[in-house]
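Please keep the sequence and the 3D view open as you read.

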Amino acid sequence: AESLLYRLIAILVFAGDAGFVALQTAKGKAFFTFAKEAKTEIRRVVCPTRQETVQTTIIVLAHVIFMTLVLWGED
């Protein structure tokens, strides 16, 4: 019966309280440390260029076709 805004605010407040309580525990601290380290690792990821992606895709398709022919020939 309450408006959507009040429900959303209540959920955010309860989620914040739950996060605060979780950070007081050893597992909560370990999770927070893990999340920070994961964020750092994501920054280190280097995405392949378009040329590298196309070359890798062609190699994979060539191997799939080759293995398909080998298995078809053996069957």
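## Ground rules

Helices (H or I, at least four residues) and strands (E, at least two) are DSSP runs, numbered from the N terminus. Residues are numbered from 1 along each chain as its sequence is written, and side-chain values use heavy atoms, without hydrogens and water. The model is predicted: local features need pLDDT of at least 70, side-chain atom pairs count only at pLDDT 80 or more, and totals for chains, interfaces and linings use all residues.

## Confidence

pLDDT is the predictor's confidence in each residue, from 0 to 100. The protein averages 94, and 100% of the residues score at least 70. Among its elements, helix α2 (residues 26–44) has the lowest mean pLDDT (93), while α3 has the highest (97).

The structure holds 1 salt bridge, meaning a side-chain nitrogen of Lys or Arg within 4 Å of a carboxyl oxygen of Asp or Glu. Its partners are E41 and R44, at 3.1 Å from N to O. Both lie in helix α2, 3 residues apart, about one turn of the helix.

How accessible are the two? Buried means under 20% relative accessible area, exposed over 50%, and partly exposed in between (1.4 Å probe, protein chains only). R44 counts as exposed because its relative accessibility is 58%, whereas E41, at 44%, is partly exposed.

## A look at helix α3

E52 sits in helix α3 (residues 50–74). With 41% relative accessibility, E52 is partly exposed. From G19, E52 is 33 residues away in sequence and 42 Å away in space, C-alpha to C-alpha.
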